[in-house]
Amino acid sequence: MTAWTWKEVPSAGDAPEFRIFDGEIEKPALDDRQYSLLELHNGIQVVVVSDQAADKAAACLTVATGYTLDPDDLPGLAHFCEHMITKASDEDPPRDRCAKSLNCHCSLNTGLGAFIRTNGGSRNAATGPTSTEYWFSISPTKLAGGLLRLAACFHAPLFTESLTAREINAVDSEYKRNLQNDARRVLQLTKSLSVPGHPWAHFGTGNYESLTAAGRQAGKDTDEEEVLRETRRRLVAWWKEQYCASRMMLAVVGRESVDELTALVVPHFSKIPNRGLNPRPAVKDGVWGPEHMGTVLFVQTVKDYYAVKLSFQLPDLREHYATKPAAFLAHFLGHEGPGSVCAYLKKKGWILDLSAGPSGRSREPQFFNIQSRLTLEGYLHYRDVVRAIFNYISLLRASALEPYHFAEVQAMAETSFRFQEKAQPHRYASTLAHTLSEPYPPEWLLSGAHLYREWNEPLVRSILEGFTPKQARVTLEAKNHLGQVIGQDVQWQSEKWYGTQYTVKRLEDSFLETLREPNANQDLHLPAPNPFIPEDLSVDKVEVPKPLQYPTLVQRTEMSHLWHKKDDQFWAPKVHVRIDIKRYAPHPGLHSFHAYRLRSHIGSTSLLVDLVDDALAEIAYDATLAGLSYSVTNQLEGLAVSVAGYNDKIHVLLHTVLEKLCGLQVQPERFNVIRENVQREYENFYMGQPSGLSETYAQWMFMPTMFTPAQKLQELPLLSESDIGRHRDDLLSKVFLEVLVNGNMGRERALDILHHTEECLNARPLSHSEIPRQRALLLPPGSDVLSRRWHANPKEMNSSLSYYLQFGEVTDTPLRCHLALIAHLMNEPCYSILRTQEQLGYVVGSAEWAVNGTIGLRVRIQSVGAPWFLESRVDAFLETIGARLAGMSAAEFDAQKDGLVATLLERPKNLGEETARFWGQIRAGRYDFLRKETDAATIRALTRAELASTYNALVRPSTSTGHPRTRKKLCVHLLSQQLSEDPPPRPCTITLGTEADAGGAAESAFKASLPCAPAATPVRSPALGEHGRAFGPPLCAGETADATHTSTSKGESIAAVIDVGVGARAPASEGATSARL
């Protein structure tokens, strides 16, 4: 390691002096960006990253202060500070400060949040145990404005008094959102069972009670305003005590040069005061005392599942970044291949999966966790599961660690770093800002977290020596603990903040003694050499003037389509292969038998893919260690298979996956295990987050064919292992394939992959009419539909509203672009008005929404308030946006368009993102790979009058209810069982989900009466290659090859198109049978 130096840079103009690292930063081979590492005079560590190709800029400021530094009497204060500090600063424009403090919404909002969202960006913040991060992304030309505003939040925050109650309520809403979240509940419980007074036990989220307790204890509880003033006073005092420039790390990514980025950073961030605090405070004192180790913690969960976790405290490993001993041990204990404890426990039928590794960041308490989801039998035998894990630990202690183990881990880490692709700028900035807080040498800023540089066997074995039964804590999770496991007369306790029920028992000395015995399990052994380690990492690099923006259809047969693109911009030795296996589905509307058969097939397909994945885990785990990935998933149209990673062995992995899919021999024991898990997943579905559930229920309303988890549950008991084999053979007997090969692979090898896939499947082709196509239902103009459901969890206090306005078909380019701009205009005010000002809930947002070829606008709110009240507030909000649009200046309208266009034209940052874009169009059947460019051009030409006309016709409540009525609205009300008020009368077209329609007959009849959008038709473009004529008539003279086919011309009235177009559709219950598929 070279001894580099730091160079002093004197002050100049408004930029104070600073230091710059003059050494060379170790970079991945593919990284063409320029880096500069700075230290400002106030102690802030900074890395600026110049990426001249960047079409999105970003910054992240991380403070080495987290909730472990909360005062004992004010849990959640660090989190509350995170909420308050970016809301207003002394350098915000006065008009913006007025908007924030007086709860008004000015037409021009230029504080940090509004500035970011208006200019095509996003932002967020998060509070952890020992750090808090604040990041944003933005259009690259607006980076300077974003940095100015971000810096002001830290050198001149206002902590506006009028916002105190609002932001405490926001914290409280976040807390209530997670009250029934098992992961949060178990985490807080395990933290609370620590040495008394240890900061690790702090309640990091906070809530209204915890943040106002200090004010009440100070005798101010008779006056709520006084209580809030006291909370704010304590916040400001804590900020001065804990926020300090020397604790801050800043990462900035932009397309300016490193010198220009430095000039943007130094003047603004040098204003943040250095208060002389410990720059990197750590919490490394022991978390557990003797009473916490050698115990089993029984936890009652909200959802129905079984899980076990074995935990050990780790020593302070910050200085051992070159060896990474805990991560190296995870290679063995988390292994899933032959001889692993995971493979052994699966064969016993006791577990579904297993993972192992260190938790947490280096400055906080760290634990080595070995955790597994259990079957019911595994829960009953949890002691045998724990014994098997200790057997493997004993095996590790007694075994010679052959050199190839470390060599493989080291080699794959080096290969992964060498060919590391770019990520989204805000994620990269966040990673870099956190990395600056680690003790890596400056030259290892990028590589320190990735590379294994030294083999230190004594250190590894010293960590392993700490993995003893006496130093372990076992956590056993279940919804209902059985007496034969936990014993009788259990005294349950309740955790303070989440109310989690638990009890702790000591492990008996006799059991501890058995856990200390040498391993005698002959099924356990260390991993063999990995056959998937790539050998050929060459890249076929051919420079091109401009990267191609689409794959090409290189082969089209009655059996398949093969899409291919040879990588021309990322230059990694990687490839992504996606395969859609579409099968014929009998039309469920033709006969009730077909509906039953399709439902049965859907359930069988779910079991099939889970059984395939289960069978592949042991065989293909080595591939995942070698930088490869795979998946087999089910969908309504059939199956999807994907493999990705280093192209050298990708064909071997694909063959392994297809061979297992086509030749799976279902074992009765594993069938019962997987069926049990699938049943539990279906049942737990209805216990999910209300906002996610209401969104899913809304989506179901537009799907002609949909089988819910409840319907699938009815079929599970009727299925046997022999049914799965027959179903697989039937499913794969007649198919159509859509295949995409994208990456470092030529056309001929792509054709080989297709041919091998077809040989493995050995299927007959579907006829053209049998190929399933995605369709969506269309609401008639003037619709006002309400679907009402109750949440299954009686303890869930949150309700949810999904408010959806259907616009029309995605093929309508002007309509699509109007929707995109309306959604962009609404994004920031939806958050600032409905969430920040009106305090409706923590989960509040608006966005475009698409279902199988139809598009619309949705607003989603999760709240303790009643959904009908939330709906009324959304109606009022939409009126506000209509008025704002009517009064918007030309300059602001153009700025909004520019922000949206910048977002649309953002290029993929890596091969995975590019593949996802291509695959989205292929799966939709449109092949419209240039849609973003088409939309950007259309949006640039949009006028405010055109957009206002569409908004008034399709969105605004007061102007869309005349004659003809054009708005098409669907609301889903997901009701908490804790709501005390009854739903009011509803003057809408139809209300679904009433007690009289408990079986869903009215909903089914309503859906059957709706027309269907047409199935997707391909867009003619050069992507179709020589096969273009097969998809439609030849291009007309003067028509460009990449012209997007649209259902309206640019000058047509969208409202008129909706009135005529929808009325012309045949209802789903009439006409062609494809209306339901």
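Is F298 buried or exposed? F298 is buried, with a relative accessible area of 1%. Keep in mind that everything here comes from a predicted model.

**Aromatic pairs**

F298 has a ring partner, Y382, and the two sit edge-to-face. Y382 is buried as well, at a relative accessible area of 4%.

Now for another edge-to-face pair, F419 with Y646. Here F419 lies in the loop between α14 (403–418) and α15 (425–435), and Y646 lies in strand β20 (residues 638–646). These parts are 227 residues apart in sequence, and the pair ties them together. Both F419 and Y646 are buried.

Here are the two ring geometries in one place:

| Pair | Centre to centre | Angle between planes | Class |
|---|---|---|---|
| F298 and Y382 | 6.3 Å | 80 degrees | edge-to-face |
| F419 and Y646 | 6.5 Å | 65 degrees | edge-to-face |

Why do both count as edge-to-face? Because the cut-off for that class is an angle over 60 degrees between the planes. A search of the whole structure turns up 33 aromatic pairs. There is also an aromatic cluster, made up of F328, F332, F406, Y452 and W455.

**Two helices that cross**

Next, helix packing. Two packed helices are described by the angle between their axes and the distance between the axes. For helix α1 (residues 77–85) and helix α8 (residues 224–242), the angle is about 90 degrees and the axes are 10 Å apart. That makes α1 and α8 roughly perpendicular to each other. On the α1 side the contact uses L77, A78, F80, C81, M84 and I85; on the α8 side it uses T231, R234, L235, W238 and W239. By type, the residues of this contact are nine nonpolar, one polar and one charged.

**An enclosed helix**

Last stop: helix α5 (residues 164–177), with 14 residues. From its first C-alpha to its last it reaches 20 Å, close to the 20 Å expected at 1.5 Å a residue. How many of the 14 residues of α5 are buried? Ten are, so the helix is largely enclosed by the rest of the structure. The buried residues are T164, R166, E167, I168, A170, V171, D172, S173, E174 and Y175.

Methods: Residues are numbered from 1 along each chain as its sequence is written. This is a predicted model: local features need pLDDT of at least 70, side-chain atom pairs count only at pLDDT 80 or more; totals for chains, interfaces and linings use all residues. Side-chain values use heavy atoms; hydrogens and water are left out. Helices (H or I, at least four residues) and strands (E, at least two) are DSSP runs, numbered from the N terminus. The expected span of a helix is 1.5 Å times one less than its number of residues. Buried means under 20% relative accessible area, exposed over 50%, partly exposed in between (1.4 Å probe, protein chains only). Axes are lines fitted to C-alpha atoms, for helices over the stretch in contact, and angles run from 0 to 180 degrees between N-to-C directions. Angles under 35 degrees count as roughly parallel, over 145 as roughly antiparallel, 65 to 115 as roughly perpendicular and the rest as oblique. Contact means heavy atoms within 4.5 Å. Ala, Val, Leu, Ile, Met, Phe, Trp, Tyr, Cys and Pro count as nonpolar, Asp, Glu, Lys and Arg as charged, and the others, Gly among them, as polar. Rings of Phe, Tyr and Trp (its six-membered ring) pair if their centres lie within 6.5 Å; planes under 30 degrees apart count as stacked, over 60 as edge-to-face and the rest as tilted.
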